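These are my notebook entries on one protein model. I set down each item in the order in which I looked it up.

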Amino acid sequence: MTLLNTLPYGDSIRNLEYYSTNDFINSQSAMAEFEHTQSLNILLIVSIIVLVIIAVAIWYLQNLKSKQYSKVVVLQNQELQRIKHQSDMFGYVLNAAQFPCCLVNAEGKISWCNEAFSSFYGRNSGEFDLFSGTDATFDRDSVAKSTVPSSFHVRIKDTYGKVFGFKRTIVPIKGDGDKSDYAVIENIAI
């Protein structure tokens, strides 16, 4: 028997490959490069997952915020409808009132008047003299500059020439700042 026959793996000794140290160094650098590439791939996958989580969180928060804004808009619309209903009812009541009433701006131009005002003073009343029917001693400036309601007596002729006595009340309406932009004028017969 030969030496080759006594080896456990047959003639595998002939198939032995000899590696040099360069081959070992190259295999280590290839392994290091593979590990580095694998680390970069893992980092890339983790980064993508983190970005997706952040995008979903941003979408959720925006969706939540838009739902909150829509609730606020619904509440504001309900409040506007309530105010409109009140103002419509208030306008209906003032329009149905039997005493002449109007809304004038700072220049004395009529912005709104009820039916009683139109029928008493005439339909074409574009301007209204707040102090018509007062006597000569009446202090017009103090009433015009007043920021609180003021009442005084007037005697006025209607469109048919009949004279009436009224208690006129001027109620200033505050605008921007302290300036009164409008005033409500009520004339109640005495």
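In which helix is the place of Ile58? I found Ile58 in helix H2, residues 21-96.

**Entry 1: the model and its conventions**

I note that this is a predicted model, in which local features need pLDDT of at least 70 and side-chain atom pairs count only at pLDDT 80 or more, while totals for chains, interfaces and linings use all residues. Residues are numbered from 1 along each chain as its sequence is written, and side-chain values use heavy atoms, with hydrogens and water left out.

**Entry 2: the chain as a whole**

I looked up the secondary structure and found four helices and five strands in the protein chain. Helices (H or I, at least four residues) and strands (E, at least two) are DSSP runs, numbered from the N terminus. Along the sequence, I read the pattern α-α-β-β-α-α-β-β-β.

I then looked up burial, where buried means under 20% relative accessible area, exposed means over 50%, and partly exposed lies in between (1.4 Å probe, protein chains only). Of the 190 residues of the protein chain, 18% count as buried. The chain exposes about 14800 Å², and carbon and sulfur atoms supply 61% of this area. Accessible areas come from the Shrake-Rupley method with a 1.4 Å probe; for residues, only the protein chains shown count as cover.

**Entry 3: helix H2**

I returned to Ile58, which forms a nonpolar surface patch with Ile42, Val46, Val50, Leu51 and Ile54. Together these residues have about 540 Å² of accessible area. Such a patch takes residues with over 30% relative accessible area and no salt bridge; nonpolar side chains (Val, Leu, Ile, Met, Phe, Trp, Tyr) are joined within 5 Å, and like charges within 9 Å.

How many salt bridges are there? I recorded two salt bridges, each defined as a side-chain nitrogen of Lys or Arg within 4 Å of a carboxyl oxygen of Asp or Glu. Side chains of opposite charge can pair when their charged atoms come close.

- Glu79 and Arg82 meet at 2.4 Å, N to O; both lie in H2, three residues apart, about one turn of the helix. Glu79 is partly exposed at 35%, and Arg82 is partly exposed at 39%.
- Lys84 and Asp88 meet at 2.9 Å, N to O; both lie in H2, four residues apart, about one turn of the helix. Asp88 is partly exposed at 42%.

**Entry 4**

Why is E1 described as largely enclosed by the rest of the structure? I found that four of its five residues are buried, so E1 is largely enclosed. E1 and E2 pair in the antiparallel sense over three bridges; strands pair if DSSP finds at least two bridges between them. Val104 has Ile110 of E2 as its bridge partner. Four residues separate the strands in this hairpin, where Gly108 takes a positive phi near 90°.

Is Asn114 buried or exposed? Asn114, in the loop between E2 (110-113) and H3, is buried, with a relative accessible area of 0%.

**Entry 5: the largest nonpolar core**

A nonpolar core is a set of buried Ala, Val, Leu, Ile, Met, Phe, Trp, Tyr and Cys residues joined through side-chain atoms within 4.5 Å. The largest has 16 residues, of which Val104, Ile170 and Ile185 touch the most other members. The elements giving two or more residues to this core are E1, H3, E3, E4 and E5.

E3 and E4 pair in the antiparallel sense over eight bridges, and Phe164 in E4 is the bridge partner of Ile156. I found five residues between E3 and E4 in their hairpin, with Gly161 in the turn at a positive phi of about 90°.
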